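I opened this model to work through its helices and a few single residues. My entries follow in the order in which I looked things up.

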Amino acid sequence: MDHFEFPIGGPVPQQVLTDTVRVAIHASDPIIHAGLVSCLRDDRRIHEVPPDRIQEADVIVLAVENADAATLDLMRTLSDKPDARFALVVGGQWQTDIAAAVDLGVRAVLWRNSFTVANFIRTLLTLAEGGGSLPPTLQGTLMQQIQWVQREVLAPRSLAASGIGAREVDVLRLVAEGKEFAEIATRLSYSERTVKYILYGVMKRMRLRNRAHAVSYAIRAGLI
């Protein structure tokens with residue numbers, strides 16, 4: 001634990017503010033757990049939630065020696081929220097699929113041998129705002145995996161990483177411009193039936209309620 005930069009002193013009473021970031025900490029080693037908790041005590045922007053209220057946390061901090069398959073299993077037991085955000089504090093090596101970890105909610109990884117309180121707090125605030133912080137080596141691995149999926153899985157099916165293909169983007173762009181099916185068909189040299197098939201196909205696959213919802217989704221995803 002000599003790599004951790006822990007504040008000295010006991011807990012400081014503080015009022016829980018309405019806009020604080022709620023953080024839950026899970027560590028099997030009681031010394032590491034106490035050290036991480038102590039990092040939060042002097043920052044009024046952070047509020048620690050107890051283990052029995054972990055589902056209320058904005059960010060879950062999980063300290064492990066090595067990040068491996070058992071770590072992913074533990075994450076599944078700690079939170080079943082689809083939007084869970086995990087920050088992993090890793091003492092040893094990364095030994096699992098980074099894409100699978102991200103899929104389970106890992107948004108930040110901190111190496112214990114370079115741990116500082118300032119970076120820890122900054123990372124928690126970044127995660128609470130929807131951001132992320134991965135070490136360069138893990139970022140590179142994740143990008144390689146995304147590239148492989150795009151090249152080997154999505155491209156042969158004419159899909160982008162968003163799951164929406166080029167034809168579907170063309171149709172959604174014209175729908176967003178207020179074009180009717182007949183106009184879209186003429187513009188793209190499709191039949192009206194094909195235009196409807198394309199639009200309703202993407203709506204069904206992406207679970208979009210109507211045309212307006214489909215257009216809104218495409219705009220938020222940066223497709224149009």
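**Entry 1: the whole chain**

How many of the 224 residues of the chain, as a percentage, count as buried? I found that 37% do. The model is a predicted one, and I read every value below with that in mind.

I then looked up the secondary structure, which comes to nine helices and five strands. Along the sequence I noted the order β-α-β-β-α-β-α-β-α-α-α-α-α-α.

For contacts between residues at least 6 apart in sequence, I looked up the share that joins residues at least 24 apart, and it is 67%. The accessible surface of the chain is about 12,800 Å², and 52% of that belongs to carbon and sulfur atoms.

I turned to α4, which has 12 residues. From first C-alpha to last it reaches 17 Å, close to the 16 Å expected at 1.5 Å a residue.

Which residues of α4 are buried? I listed V117, F120, I121, T123, L124, L125 and L127. The cover over these buried residues includes the strands β1 (21-27), β2 (46-48), β3 (59-64), β4 (86-90) and β5 (106-111), along with helix α1 (30-40).

T123 sits in this helix, which runs over residues 117-128. Its relative accessible area is 3%; the cut-off for buried is under 20%, so T123 counts as buried. Leaving out residues up to four places away in sequence, I found T123 touching A108, L110 and S133.

After α4 comes G130, and I noted its positive phi, near 95 degrees.

I looked up V106 next and found it in strand β5. V106 is buried at 1% relative accessibility. Setting aside neighbours within four places in sequence, its contacts are M75, F86, L88, A101 and L134. I also checked V106 against A84: they are 22 residues apart in sequence, and their C-alpha atoms are 8.2 Å apart.

Beyond residues up to four places away in sequence, T96 touches A67, D68, A69 and L72.

**Entry 2: helix α8**

I checked the length of α8 (residues 192-205) against expectation. Its 14 residues should span 20 Å at 1.5 Å a residue, and the end C-alpha atoms are 20 Å apart, so the two agree.

I found V195, I198, L199, V202 and M203 of α8 buried. They lie on the same side of α8, because the arc they cover around the axis is only 125 degrees. As background, I noted that an α-helix has 3.6 residues a turn, so residues three or four places apart point the same way. On the other side of α8, R193, Y197 and K204 are exposed.

Against what do the buried residues of α8 pack? I recorded α6 (166-176), α7 (181-188) and α9 (211-220).

For α7 and α8, I found axes that come within 8 Å and cross at roughly 100 degrees. These two helices are therefore roughly perpendicular to each other. In this pair, F181, A182, I184 and A185 of α7 meet E192, V195, K196, L199 and Y200 of α8.

For α6 and α8, the axes come within 10 Å and cross at roughly 100 degrees. I therefore put α6 down as roughly perpendicular to α8. Here R167, E168, V171, L172 and V175 of α6 meet T194, V195, I198, L199, V202 and R205 of α8.

I looked up S189, in the loop between α7 and α8. Its phi is near 60 degrees, a positive value in a residue other than glycine. S189 is exposed, at 65% relative accessibility.

R207 is in the loop between α8 and α9. Its phi is also positive, near 60 degrees, and R207 is a residue other than glycine.

How values were computed:
Residues are numbered from 1 along each chain as its sequence is written. This is a predicted model: local features need pLDDT of at least 70, side-chain atom pairs count only at pLDDT 80 or more; totals for chains, interfaces and linings use all residues. Side-chain values use heavy atoms; hydrogens and water are left out. Helices (H or I, at least four residues) and strands (E, at least two) are DSSP runs, numbered from the N terminus. Buried means under 20% relative accessible area, exposed over 50%, partly exposed in between (1.4 Å probe, protein chains only). Contact means heavy atoms within 4.5 Å. Accessible areas come from the Shrake-Rupley method with a 1.4 Å probe; for residues, only the protein chains shown count as cover. The expected span of a helix is 1.5 Å times one less than its number of residues. The arc is that of the directions from the helix axis to the C-beta atoms. Axes are lines fitted to C-alpha atoms, for helices over the stretch in contact, and angles run from 0 to 180 degrees between N-to-C directions. Angles under 35 degrees count as roughly parallel, over 145 as roughly antiparallel, 65 to 115 as roughly perpendicular and the rest as oblique.
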